[in-house]
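Hi everyone, thanks for coming. I'd like to walk you through one structure today, a few residues and a few helix pairs at a time. Please have a look at it first.

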Amino acid sequence: MIVITAPTGNIGSALLTRLLDSDSTPTPTPSPTPLSEDLRVVVRDPARLPDGVRERVEVITGSHGDPETVDRAFAGADAVFWLVPPDSSLTPEAAYSGFTRPAAKALATHGVGHVVGVSALGRGTPVADRAGLVTASLSMDDLIASSGVAYRALANPSFFENFLEEADSIRDGVFVDCLDPDRKAPLVAVADIAAAAASLLLDRSWTGVGSVPVLGPWDLSPNDLARIMSEQLGRPVRYERQSYDDLLADLVGYGLDKEFARGVVDMKRAKDEGLDAGASRTDAYAHPASTTFEEWCAQVLKPAVRA
């Protein structure tokens, strides 16, 4: 029994599709046998699951931050995919560890063997303790590990999909961030995160606690990203660097909790100081179909910008 949290989100829905379709499940060596796992999902609104999915999984209705819900969901489970949907109305600690605390207790109570969690790059770097949301995510990893499970944190950089939030601005020829325009860093598509999660959930021969970097195929700077967007979209796109003070003011103006907004800013600052540079691709999860930014722009960003 594998339990999937956040099954209607970008990563969770892609993971669920992979697990349900054994022929397309990416493993280091393709499995000759079909999926033999039962699947259980935890979802607030089951109506958001596609009909074809809802018919093939056991559904637990509720929030996976709720003690009673995770107690029901983890009973009899062999493995759990854990993803916290950050709540920007809370402090970073409450949004990550606070949300996860009932689950950590339920993991221990039910003797769940393996957990794969969505986390972030940065552990072991000089800025890991002052990286805002990433620091909170790493503390969440420690909390899960303390439950006694075998745990693998998927250590991710920024997602390609973050650019979808700027589709309107990119349509007008600009995207905004706080990074040095020439700082190269890894980025990744959510499909590749789902692929890594599927591989770990289906082959549970691993033990202990560790991180699995999921880095995408290349390190890219904001200027690289602007060039590739321009090429793939067929229109000029430039990068505009924003100050940290302006970002904080914008986030608070959007209604985010001030500590959460500060956590975003501190994360951005840490990324500009090398937070994502501490992992080597030789130690990272990789598979032949890793998504390039060029491919993602053509397949995902271009339709969003044209919409």
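**Val-134 and the helix it sits in**

Let's start with Val-134, which lies in helix H5, residues 133-145. A quick word on names: helices (H or I, at least four residues) and strands (E, at least two) are DSSP runs, numbered from the N terminus. Please keep in mind that this is a predicted model, where local features need pLDDT of at least 70 and side-chain atom pairs count only at pLDDT 80 or more, while totals for chains, interfaces and linings use all residues. Residues are numbered from 1 along each chain as its sequence is written, and side-chain values use heavy atoms, with hydrogens and water left out.

Is Val-134 buried or exposed? Val-134 has a relative accessible area of 3%, so it counts as buried. The scale here is that buried means under 20% relative accessible area, exposed means over 50%, and partly exposed is in between, with a 1.4 Å probe and protein chains only. Setting aside residues up to four places away in sequence, Val-134 touches Ala-120, Leu-121, Met-267 and Leu-275, where contact means heavy atoms within 4.5 Å. For a sense of distance, Trp-206 is 72 residues from Val-134 along the chain, and their C-alpha atoms are separated by 25 Å.

**Helix pairs**

Now to the packing. Two packed helices are described by the angle between their axes and the distance between the axes. The axes are lines fitted to C-alpha atoms, for helices over the stretch in contact, and the angles run from 0 to 180 degrees between N-to-C directions.

Staying with H5, its partner is helix H4, residues 92-110: the two pack at an angle of about 10°, with their axes 9 Å apart. That angle is why H4 is called roughly parallel to H5. The cut-offs are under 35 degrees for roughly parallel, over 145 for roughly antiparallel, 65 to 115 for roughly perpendicular, and oblique for the rest. On the H4 side the contact includes Tyr-96, Thr-100 and Leu-107, and on the H5 side it includes Ala-136, Met-140 and Ile-144. Sorted by class, this contact has 9 nonpolar, 4 polar and 2 charged residues. In that sorting, Ala, Val, Leu, Ile, Met, Phe, Trp, Tyr, Cys and Pro count as nonpolar, Asp, Glu, Lys and Arg as charged, and the others, Gly among them, as polar.

H4 has another neighbour, H3: the axes of these two come within 9 Å and cross at roughly 35°. H3 passes H4 in a right-handed crossing; a crossing is right-handed if the near helix is turned clockwise from the far one by less than a right angle, and left-handed if anticlockwise. Here Pro-67, Val-70, Asp-71 and Phe-74 of H3 meet Pro-102, Ala-103, Ala-106, Leu-107 and His-110 of H4.

While we're at H3, take Thr-69, which lies in this helix, residues 67-74. Its relative accessibility is 4%, so Thr-69 counts as buried. The Thr-69 side chain makes a polar contact of 2.8 Å with the side chain of Asp-66. A polar contact is a pair of N or O atoms within 3.5 Å; within protein, one must be able to donate a hydrogen and the other to accept it, and residues adjacent in sequence count only if both atoms are side-chain atoms.

One more pair: helix H1 (residues 10-20) and helix H7 (residues 190-202) have axes that come within 8 Å and cross at roughly 50°. That makes H1 oblique to H7, and their crossing is right-handed. Among the residues in this contact are Ala-14 and Leu-15 of H1, with Ala-194 and Ala-198 of H7.

**Around Asp-272**

Last stop. Asp-272 lies in helix H10, residues 258-272, and at 13% relative accessibility it counts as buried. What joins the side chains of Asp-272 and Arg-241? A polar contact of 2.9 Å does. A polar atom of the Asp-272 side chain also lies 2.9 Å from the backbone nitrogen of Asp-180.

Then there is Arg-183, in the loop between strand S8 (174-177) and strand S9 (185-188). A polar atom of the Arg-183 side chain lies 2.7 Å from the backbone oxygen of Asp-272. With a relative accessible area of 28%, Arg-183 is partly exposed. Its contacts beyond four places in sequence include Leu-220, Pro-222 and Lys-271.
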